[in-house]
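Morning, everyone. Let me put it up.

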Amino acid sequence: MAAHRKPRQRTLTGPAGRTAATLALAGAATATAFDGPAHAEPRLTPAQVKAKVDALYEQAETATEQYNGTKVKADKARTALTHLRDEATRRTERLNSSRNALGSIASAQYRAGGLDPAVQLALSSSPEEYLEGASLAERAGSRQAARIAAIRKELARIAELRTRADGRLTELRASQSELARHKSAVQEKIGSAERLLDRLTAPQRAQYDQRGGQDQPGATSMAPGAVRAPNARAAAAVAYAYGAIGKPYVWGATGPGAFDCSGLTQAAWRSAGVSLPRTTYTQINRGQRVSRDALAPGDLVFFFSGISHVGIYVGGGQMIHAPRPGSAVRLAPLDQMPFAGASRPV
C-alpha cells in the first residue's frame, strides 16, 4: 500500500529556489504584457490629449461634410424616385381607364361576332405579349391602327418611367449605404475624442471646452454691426449668426435650434434670401473668392487643407462658427485654425 502513496514534492531552497522564483515572475510578467494593462495607451500629457482630440474632431468634421453631401444626393434621388413613380402610376391609371371604357365596345363587338384588334389589345391581361404576337397594324384599319399606336406609345412610356425609377432606387440605396458609413465614421471619431477628453482633469476639460470662446484671449466681444457689412444681405446674414450664438453644435443640423458649421452659414445666408449649397467644399465655390486681407462681414471663411470647416466673418479678425460636437455657436478669432480661403456669396 505504501508504494501507492503520492511522493512529497521537494521545496527548492537556496540559489535554485531563487532562480525558479525569478523565472516564475518573468513568466507572469510576460503573460500580463499580452493579456492585460500593458496594452493600454501610454500616458499622454494634457497638451498631447488636446492635440489628438483636435485631430479627431477635424476628421469627424470632414466625415460630417461628406455625410451632408451624400444626404443631399440621397434626398434628390428620393424626390426623383417619388416623382417617377407618381407619373408611372398616373399613366397606368389613365391606360386602365381607357381599357375599362372600351369594355362596353368589346361586349357589343363580341355579340356582333368579333372584337376590334385595338379593343383586344386594350383588354388583354398582357398587352406587351399581345402586341408581340399579333400583326395588328396589317389587320386593322386606319382608326384601329391609330389606337394601337397610342397604346404602344403609352406602354413604352410607362416602361421607361419604371426603368428610370429602378435606376433612382439603386442610386438611393447606394447613397443610404454611404450615409451609414459616414455616420459611423463621425460617431467613431467623436467617441474616440470623448474618451481622450475623459483623461483630463475637470479644470483642463473646462479650459479645452472654452477654447475659442468669447472669454479666451484674442476673441474680443463685438456688438452686431460694429463693423459695417458691404450690403444689406451680408448684414442680415451676420445678424442671424449673432442670434445663433449659444445654440449647440449638432452634426448634420441646419437650425434653427442647432447647427453644424456649414449648416450655420447656410442658414445665416438663407435668412438674407441667398441660397447656399450644403457643404463646405461646395460653399467655397459660391460667389466671389476673396483674399484674407480683403475680408468683409458676411464673407465665408474656410479652414484646413480639406476645406472641412467654415465660419462667417463678422469683422475685426473675428468669425462666428459652430466649432465641434459638445460645443456651441460662438465668436472666435480667425487665427484659431489654419486658414484655407474665403468667398463672398453676394
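I'll start with the ground rules, then go through the salt bridges, and end on one aspartate.

This is a predicted model, so local features need pLDDT of at least 70, side-chain atom pairs count only at pLDDT 80 or more, and totals for chains, interfaces and linings use all residues. Residues are numbered from 1 along each chain as its sequence is written, and side-chain values use heavy atoms, with hydrogens and water left out.

Salt bridges, then. Side chains of opposite charge can pair when their charged atoms come close. The cut-off here is a side-chain nitrogen of Lys or Arg within 4 Å of a carboxyl oxygen of Asp or Glu. How many salt bridges does the structure hold? There are 13.

Take Arg78 and Asp75. Their side chains meet in a salt bridge, 3.0 Å from N to O. Both sit in helix 2, residues 46-101. They are 3 residues apart, about one turn of the helix. Helices here are DSSP runs of H or I, at least four residues; strands are runs of E, at least two; both are numbered from the N terminus. Arg78 is partly exposed at 36% relative accessibility. Asp75 is partly exposed too, at 31%. For the terms: buried is under 20% relative accessible area, exposed is over 50%, and partly exposed is in between, with a 1.4 Å probe and protein chains only.

Next, Glu194 and Arg205. This salt bridge is 3.2 Å, N to O. Glu194 lies in helix 7 (residues 142-197) and Arg205 in helix 8 (residues 202-210), so the pair ties together parts 11 residues apart in sequence. Glu194 is partly exposed, at 26%.

Now Arg278 and Asp260. Are they buried or exposed? Both are buried. The closest N and O atoms of this salt bridge are 3.0 Å apart. Arg278 is in the loop between helix 10 (261-270) and helix 11 (280-283), and Asp260 is in the loop between helix 9 (232-244) and helix 10, so the pair ties together parts 18 residues apart in sequence.

There is also a network. Salt bridges with shared partners join Glu87, Arg91, Glu154, Arg157 and Glu160.

Last, Asp299. It lies in the loop between strand 1 (288-289) and strand 2 (300-303). Asp299 is buried, with a relative accessible area of 1%. Leaving out residues up to four places away in sequence, Asp299 touches several residues, including Val290, Tyr313 and Arg344; contact means heavy atoms within 4.5 Å.
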